[in-house]
Each structure stands twice: as structure tokens, then as C-alpha cells.
Amino acid sequence: MNFKLSIIINSLAFGLCGSGMGQNLVTNGDFETIGIAGYSAQIGALPQAPSQL
Amino acid sequence: MTSWSTTGYNFLFLPGTGTTTGAKTGFNNQLIFWGSSAQNGGASTFNFPNNSPSGGNFIALDGGYSPNTKAIIQTVDGLVAGGDYQLTFYWAAAQQKGFNGATTEAMQVTFGAQTLSTSTYNLPSHGFSGWMSATMDFTATAASQTLSFLAKGTPEGLPPFSLLDGVSVVAVPEASTPMMIVLGMTGLLMIRRRSAQCE
């Protein structure tokens with residue numbers, strides 16, 4: 001019984017965690033830390049003011 | 001920690017503004033969208049839906065200002081070559097205040113060697129599309145690859161802006177993974193039932 005239980009628990013653990021399921025691999029995907037760490041450094045140097053503005 | 005970078009004509013907007021007013025390094029408060037509260041002298045009668053569904057800051061990318069129309073880029077690590085990944089994000093089409101005429105907007109996404117695009121949005125003059133949800137599927141070819149968003153807009157200079165927020169890349173579980181979960185759950189239920197019968 002303990003062996004069977006071990007296999008079952010391992011299956012669950014592998015299924016849920018083994019593939020990194022659900023983890024967002026993008027850093028700052030909501031752009032919340034830009035501006036706190038330094039907007040110009042994070043988002044790049046802005047070009048010269050365009051004539052359209 | 002790697003994050004976003006760009007050399008393009010892309011801007012950070014704080015939530016609830018519709019303008020760069022208040023941004024850490026805004027554009028002299030000059031970049032405003034039609035329909036924003038600032039466009040109407042501060043009264044929010046134009047109902048500009050500033051915040052994306054994920055809330056907080058968002059990015060605006062000028063899709064029609066060559067040669068300054070450039071992508072916003074991030075290197076994504078922790079991938080498995082050959083693995084499937086699902087990209088989700090929110091985007092919207094907007095037009096800069098002070099310009100007149102219909103525009104088109106789309107968001108082109110490149111992840112590694114694959115490039116996909118949203119459908120093109122036809123925006124009436126002074127319009128706003130509202131926030132739209134996009135989902136794209138990619139297959140990684142390396143453990144680390146570049147994710148980029150490039151606004152595609154017409155005509156040049158009106159200018160057509162694409163807004164971006166809530167970017168997420170998650171691994172798509174292999175077919176065997178849900179099977180493993182089902183197997184485990186079935187096994188646990190069987191043990192529980194057998195235990196109940198023995199009592």
C-alpha cells in the first residue's frame with residue numbers, strides 16, 4: 001500500500017510541478033516596476049522630440 | 001534581473017491618466033490620447049478606459065513613426081527547447097490627441113524565431129478600441145529567447161498607438177502531465193473508497 005501511495009503522490013507532484021505549470025516566465029509583465037527602478041534606464045532613451053508633438 | 005528594453009518611441013503610462021502626466025520620465029506631459037480625461041480638460045466625460053484589465057501601469061507604442069517605431073524587448077529564460085508556451089497579453093488601439101483621421105493598429109509579437117500578429121484594428125478618428133485580450137501559442141527552440149512587441153500602425157504620423165499590458169508566458173503542460181494528475185487523483189479516490197469499505 002505504501003508503495004502504491006508513493007507512486008500516486010509522485011504522479012501528482014510531477015503533474016502539478018514538474019512542468020512549471022502556471023509560472024509566468026516574463027519579468028515585469030505588468031510594467032509595474034518601470035519608473036521605480038528608473039524609467040529612462042528601463043524603457044530606453046527617448047528620441048528627440050518629434051515635430052508632431 | 002532582466003526586464004524590458006527599447007530604443008523606440010514607446011512610453012510608460014501611469015494608471016488612470018491616459019496621458020504621460022505623472023510618469024517618472026514622461027514626455028513633458030504632451031503625449032495624450034483622444035478620449036482621455038486630460039483631453040477634455042480634466043473631466044472624464046469621454047470615458048477613456050485607461051486601465052487595462054490587469055491594472056496599474058501600461059505601455060504605449062507608436063506604430064507609425066518611422067524610424068522610431070521599434071519593439072519593446074525582453075529576454076525570457078527558463079524555457080525548454082521544443083516545449084510549448086502560451087503568451088497572453090492585453091492590448092488596445094488609440095490615437096494621439098491633436099490628430100485627425102482613421103487609423104489602423106496591430107501588435108506584432110516575435111518569440112524566438114516565430115512571429116505572430118493580432119488582427120488589425122480599424123480605429124475611427126479620435127477613437128479608442130477598449131482593452132482586448134490576446135492569446136498566442138509558441139514553441140521554444142532554445143532555453144533562452146527574445147520576446148518582443150512591435151506596434152504596426154497606419155498611416156504614418158497620425159499617429160496610431162498600440163497599448164500593452166499584462167504580458168504573460170506560461171508553459172503549456174505536455175499531454176502526459178494531465179494524465180499523471182488524473183492517474184494520481186483516481187488512485188487517491190480508490191484508496192479512500194477502499195479504506196471506507198474496510199471500516
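1. Of the 53 residues of chain A, 34% count as buried, where buried means under 20% relative accessible area, exposed over 50%, and partly exposed in between, with a 1.4 Å probe and protein chains only. The model is predicted: local features need pLDDT of at least 70, side-chain atom pairs count only at pLDDT 80 or more, and totals for chains, interfaces and linings use all residues. Residues are numbered from 1 along each chain as its sequence is written, chains are lettered from A and ligands numbered from 1 in the order in which they are written, and side-chain values use heavy atoms, with hydrogens and water left out.

2. Chain A has two helices and zero strands; helices (H or I, at least four residues) and strands (E, at least two) are DSSP runs, numbered from the N terminus. Chain A exposes about 3100 Å², of which carbon and sulfur atoms supply 60%. These accessible areas come from the Shrake-Rupley method with a 1.4 Å probe, and for residues only the protein chains shown count as cover.

3. Chain B contains one helix and 10 strands, in the sequence pattern β-β-β-β-β-β-β-β-β-β-α. Of its 199 residues, 49% count as buried. Chain B exposes about 9000 Å², with 55% supplied by carbon and sulfur atoms. Among the contacts in chain B (heavy atoms within 4.5 Å) with a separation of 6 or more, 76% come from residues 24 or more positions apart.

4. Five strands of chain B form an open sheet in the order β1-β2-β10-β4-β8, with antiparallel pairing. Its edge strands are β1 (10–13) and β8 (132–139) of chain B, each pairing on one side only. From one strand to the next the twist averages 30°; axes are lines fitted to C-alpha atoms, for helices over the stretch in contact, and angles run from 0 to 180 degrees between N-to-C directions. Two strands pair if DSSP finds at least two bridges between them.

5. Strand β2 (residues 58–62) of chain B and β10(B) are antiparallel over four bridges, and B:Leu61 stands opposite B:Ser162 in β10(B). β4(B) and β10(B) pair in the antiparallel sense over 10 bridges, with B:Gln95 opposite B:Pro160 in β10(B). Eight bridges join the antiparallel strands β4 (residues 84–95) of chain B and β8(B); here B:Tyr90 stands opposite B:Ser133 in β8(B). Strand β10 (residues 160–171) of chain B is largely enclosed by the rest of the structure, because 12 of its 12 residues are buried.

6. The largest nonpolar core has 28 residues, and those with the most contacts inside it include B:Leu87, B:Phe89, B:Leu164 and B:Val167. Such a core is a set of buried Ala, Val, Leu, Ile, Met, Phe, Trp, Tyr and Cys residues joined through side-chain atoms within 4.5 Å. Elements giving two or more residues to this core include β3 (72–76), β5 (103–111) and β9 (145–154) of chain B. Not counting residues up to four places away in sequence, B:Val167 touches residues of both chains, among them A:Asn24, A:Val26, A:Gly29, A:Phe31, B:Trp4 and B:Leu147. A second, separate core of 13 residues includes B:Tyr9, B:Tyr65, B:Phe161 and B:Leu163.

7. B:Thr69 is found in the loop between β2 and β3 of chain B, and B:Thr69 counts as buried because its relative accessibility is 19%. A polar atom of the B:Thr69 side chain lies 3.0 Å from the backbone oxygen of B:Asp62, and this side chain also reaches the backbone nitrogen of B:Tyr65 at 2.8 Å. Leaving aside neighbours within four places in sequence, B:Thr69 is in contact with residues including B:Gly63, B:Leu150 and B:Ala151.

Conventions
Polar contact = N/O pair within 3.5 Å; in protein donor to acceptor, adjacent residues only side chain to side chain.
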